[in-house]
Amino acid sequence: MGKKVARRMVQLRYLAHARSGDKGDTANVGLIALKPEYYRVLAREVTAARVAAHFDGVIRGSVERFELPNLGALNFLLHGALGGGGTLSLKTDAQGKVYSTALLRMEIPVPAGLRVD
Amino acid sequence: MNETRSVVRIASGQGFWGDALDAPVRQVEGGSIDYLMMDYLAEVTMSIMQKQRARNPAMGYARDFVPLMRRILPAVIADGVRVISNAGGVNPRACAEAILAEARDLELPRRPRIGVVTGDDILDRLDDLLARGHLLVNLDTGEPLTAVRDRVQSANAYLGAVPVIDALRQGADAVVTGRVTDTGLTLGPMMYEFGWAADDWDRIAAGTVAGHIIECGAQCTGGNCLVGWRDLPNMADPGYPIVEATPGGTFAVTKHPGTGGRVSVASVTEQLVYEMGDPRHYITPDGVADFTSIALRQAGDNRVEVSGVRGGPATDSLKVSVSYHYGFKAVGTLVYAWPDAHAKAMMADRILRERLDRLGLEFEEILTEYVGVDATHGRVAGDPDPDIAEVQLRVGVRAPDRAPVERFSREIAPLILNGPPSVTGFAGGRPKVEEIVAYWPALIAKSEIEARVEVIDA
C-alpha cells in the first residue's frame, strides 16, 4: 500500500475539454486535458469501467478506452450509444455530438493539492 | 513537374455539403493559396445522388459546386489555384462538363482543364462481385450483403490520393472526384508536389493527419470548440483552415489574416479526436496513420505546427460504403409550459402511446425524449428543475413500412385539444414521414477496384 493522499472530487469540466462524433452506432468521445499536469489524473481515474458506469442506462454496449499521451487525451468508444446510428436513429443527438459534455459531468477524485481553476 | 516547392498551401473550403457557401470564395480571395480542397460527401449523400442520376442521367453530383466553380474559375486560371473536390458524387463526368459549360460564358484567358476521377462506383458490379465470392460483409453486424441486396441504392469504394495525383500530373486545374476519402483530397497534392513515394509511410501519415484536421472546415479553427468559446474573435466570419505543408512532412495549420475564430492547440486537438477510433490505426487507402505520434506546438498566433507523425503500410483492402432502403421514420414535437411542464409532457407521452397501441400500429422503435430535461445527456443530466419553464415532448417512431409511420404523424396534433393542458408549439404542422436509407460498411480487395482518371477541357 502506498501512502494515503488526501483527495477531493472535481467535475471533469474543470480538468478537460472534449469533442465527440459517430461511427455507425458507436459514439467516440475525445477527452483532452486542459493543462498538461491533468493528463495523469485523467489517465488514472477516467477508466473505461467508470465511463461505462457513468453512461449506465444511456448506452447499450461496452466502452473501450485508448490513450494519447502526446495530445494529453483519452479516446473512448461508446458502443450502442446512438439508437442504431446514422439515419436509423430517432435521437436528437443521432450523431453523438454532445456525448462530449455528457462525459464532462463526471466527477473524479484528484489529489487535494492539485490546482484547479 | 516543376521544381519542388518548399511550402505548399492547401486551404479547406467546405466541411460538408451544406457548409457556408462563401467560405471557398473567401479562401481564394483572402490571401495566397496553392490548392483549394472541398469535401462534399457523407455516407447518405451517395444514395441521394444515385436517385437524382436515375431521374436524370446528367445529374448525381453536388449541384452547388458548379455555380461555386463559376465564381472562382477566374482566380483558378489567373492565380494557378488548383481545386480538389469529391463534389462529383456518382457522376463526376457530368459535374466536370457542367463546370466547362459555365466556363464558356466567362472570358477566361484559356479553357480550364478538369480532371475526372471515377472507378469508385460499384453499384452495377455488385451481382458480379457477389457471384465471385465477395460477400461485402457488414463490418458492424457480420451479415453478408445478400441480406439487403434487393434494397441497395448505392455502392462505392473509397479511393485514396493516387488518382488525385494522376489528375494533377495530367495538368488538371480542378480535380472532380467520386468517393475519394476526405483525407486523400489533401494528401494528394502533397504527394504530387513533394514527390513522396507511395510507400513513404510516415509522410503519407503526416498528409493524412493534415487532411483529417482540415476536412471539417472551421471545426479546427474555433468552430464547435469548447475552450474559450465565449471569447473567440469574430465568429461571424471564421477563418477556414489552411495547411502549410513542407517536403519533410511537418506542416502548420493556420488561416487567413483578419478572419475570425482561432487556431490553437486546443482547437486542433479537438478536431484530431473527432470521429476517432483506435488512434494507432487510422486506416486510409493510402496508409495507416498513428495518431499517438503527433506532436503539436503553438508556433505563433493562429498557427499550430504538427510534426513527428508516423505511419505504417496500407492494407490490401478498401472500405466500401453501401446504402440501402431500410424503412421509414417520423418525429413529432409539442411544447408544454410551466407549471409542471415535465409532468404534462410525460402524461402526453403515455396517452399517445396508448392511442398508438389501441390502433394496433407496430413500430420497430418508439423513442421519447424531453427536450430541456434529457434529450442531450439522458439520465446523466439528473432530475430537472421542478419549476422548469417549458419542456418539449419529442417522440420518434421507426417502422419497415410507411403506413404506421404515416398514421403516427396524425396522432400528435389532436393532443393539443384532447390532452394535457398548456401545450403549444405545433406551428410546423404534421411530422414529416422520411424514408430511411441506411448505411452498410464493408471491405473489398484493392485488386478489384481500378480508379480511372481523365482530363477534359471541352
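**Entry 1: a pair of strands**

In which sense do strand β3 (residues 82-85) of chain B and strand β6 (residues 174-177) of chain B pair, and over how many bridges? I looked, and they pair in the parallel sense over 3 bridges. B:Val83 has B:Ala174 in β6(B) as its bridge partner. I noted the rule: two strands pair if DSSP finds at least two bridges between them. Helices (H or I, at least four residues) and strands (E, at least two) are DSSP runs, numbered from the N terminus. Strands of a sheet pair through backbone hydrogen bonds, either parallel or antiparallel.

I also wrote down what I am working with. This is a predicted model, in which local features need pLDDT of at least 70, side-chain atom pairs count only at pLDDT 80 or more, and totals for chains, interfaces and linings use all residues. Residues are numbered from 1 along each chain as its sequence is written, while chains are lettered from A and ligands numbered from 1 in the order in which they are written.

**Entry 2: the sheet of 10 strands**

I traced the open sheet of chain B that has 10 strands, in the order β11-β12-β8-β7-β1-β2-β3-β6-β4-β19. Its pairing is mixed. At the edges I found β11 (295-300) and β19 (452-456) of chain B, each pairing on one side only. From one strand to the next, the twist averages 20 degrees.

Helix α7 (residues 182-194) of chain B packs on this sheet. I saw it touch β1 (8-14), β2 (35-38), β3 and β7 (242-245) of chain B. The direction of α7(B) makes about 160 degrees with that of β1(B). For the method: axes are lines fitted to C-alpha atoms, for helices over the stretch in contact, and angles run from 0 to 180 degrees between N-to-C directions.

**Entry 3: α6 and α7**

Next I checked helix α6 (residues 162-169) of chain B against α7(B). They pack at an angle of about 50 degrees, with their axes 8 Å apart. α6(B) and α7(B) are therefore oblique to each other. (Under 35 degrees is roughly parallel, over 145 roughly antiparallel, 65 to 115 roughly perpendicular, and the rest oblique.)

Which residues of α6(B) make the contact? I listed B:Val164, B:Ile165, B:Leu168 and B:Arg169. From α7(B) come B:Gly184, B:Leu185, B:Gly188, B:Pro189, B:Met191 and B:Tyr192. Residues are in contact if their C-beta atoms, placed from the backbone, lie within 7 Å. By class, I read 7 nonpolar, 2 polar and 1 charged residues. (Ala, Val, Leu, Ile, Met, Phe, Trp, Tyr, Cys and Pro count as nonpolar, Asp, Glu, Lys and Arg as charged, and the others, Gly among them, as polar.)

**Entry 4: α3 and α4**

I turned to helix α3 (residues 65-79) and helix α4 (residues 92-105) of chain B, which pack at about 40 degrees with axes 9 Å apart. That angle makes α3(B) oblique to α4(B). B:Phe65, B:Val66, B:Met69, B:Arg70 and B:Leu73 of α3(B) meet B:Cys95, B:Ala98, B:Ile99, B:Glu102 and B:Ala103 of α4(B). This contact has 8 nonpolar, no polar and 2 charged residues.

**Entry 5: the sheet of 3 strands**

I found an open sheet of 3 strands in chain B, in the order β9-β10-β13, with antiparallel pairing. β9 (282-283) and β13 (310-312) are its edge strands. 2 bridges join β9(B) to strand β10 (residues 288-290). I noted B:Val288 in β10(B) as the bridge partner of B:Ile283.

**Entry 6: where the chains touch**

Last, I looked at the contact of the chains: 33 residues from chain A and 43 residues from chain B take part. On the side of chain A that touches chain B, β2(A) gives the most, with 6 residues. That side divides into 13 nonpolar, 13 polar and 7 charged residues.

Notes. Contact = placed C-beta atoms within 7 Å.
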